[in-house]
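Please open the model in your viewer and keep the sequence panel beside it. The stops below are arranged so that each selection leads on to the next.

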Amino acid sequence: MPPPEHRWRPGQSGNPSGRPRGFVDAATAYALISVLPYAGVLLIAEGKRPKGWHEAEVTVQYVRAAREFLSTKGNPVEINARLDGPLN
């Protein structure tokens, strides 16, 4: 056990500079983007909020996912390959 001066204080986070609030992983962003109408995907790719967007804000992860979705034309095999690596 570490000495008392090196232990976490009550209420102190174990990783204070860790994952920021509102961070969305790529798989979740793709899942949300894939169910939007095409016009909504175009708006998110431009960094704008489409009508009916229930997320707090359009983050970088959503913009990247929308741009990837548009570049792959929504092909699920290619999107999966970009997320998890190519299927063998």
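Predicted model: local features only at pLDDT ≥ 70, side-chain atom pairs only at ≥ 80, totals over all residues.

Residues are numbered from 1 along each chain as its sequence is written, and side-chain values use heavy atoms, with hydrogens and water left out.

**First stop: helix 2 and helix 3**

Select residues 38-45, which are helix 2, and residues 60-71, which are helix 3; helices here are DSSP runs of H or I with at least four residues, numbered from the N terminus. The two pack at an angle of about 125°, with their axes 8 Å apart, where axes are lines fitted to C-alpha atoms over the stretch in contact and angles run from 0 to 180 degrees between N-to-C directions. That angle makes helix 2 oblique to helix 3, since angles under 35 degrees count as roughly parallel, over 145 as roughly antiparallel, 65 to 115 as roughly perpendicular and the rest as oblique. The crossing of helix 2 and helix 3 is left-handed, a term for a near helix turned anticlockwise from the far one by less than a right angle, with clockwise giving right-handed.

Now show the side chains of Tyr-38, Val-41, Leu-42, Ile-44 and Ala-45 on helix 2, and of Tyr-62, Val-63, Ala-66, Arg-67, Phe-69 and Leu-70 on helix 3, which make the contact; contact means heavy atoms within 4.5 Å. By class, this contact of helix 2 with helix 3 has 10 nonpolar, no polar and one charged residues, with Ala, Val, Leu, Ile, Met, Phe, Trp, Tyr, Cys and Pro counted as nonpolar, Asp, Glu, Lys and Arg as charged, and the others, Gly among them, as polar.

Next, centre on Leu-70 in helix 3. Leu-70 is partly exposed, with a relative accessible area of 24%, where buried means under 20%, exposed over 50% and partly exposed in between (1.4 Å probe, protein chains only). Not counting residues up to four places away in sequence, Leu-70 touches Tyr-38, Val-41, Leu-42 and Ala-45; from Val-41 it is 29 residues apart in sequence and 7.8 Å apart in space, C-alpha to C-alpha.

**Second stop: the nonpolar core**

Select Ile-33, Ile-44, Val-58, Tyr-62 and Ala-66, the residues with the most contacts inside the largest nonpolar core, which has 15 residues. Such a core is a set of buried Ala, Val, Leu, Ile, Met, Phe, Trp, Tyr and Cys residues joined through side-chain atoms within 4.5 Å. Helix 1 (26-34), helix 2 and helix 3 are the elements that give two or more residues to this core, and helix 3 gives the most, with five residues.

Helix 1 passes helix 3 in a right-handed crossing.

**Last stop: the loop**

Finally, move to Thr-59, in the loop between helix 2 and helix 3. Thr-59 counts as buried, at 14% relative accessibility.
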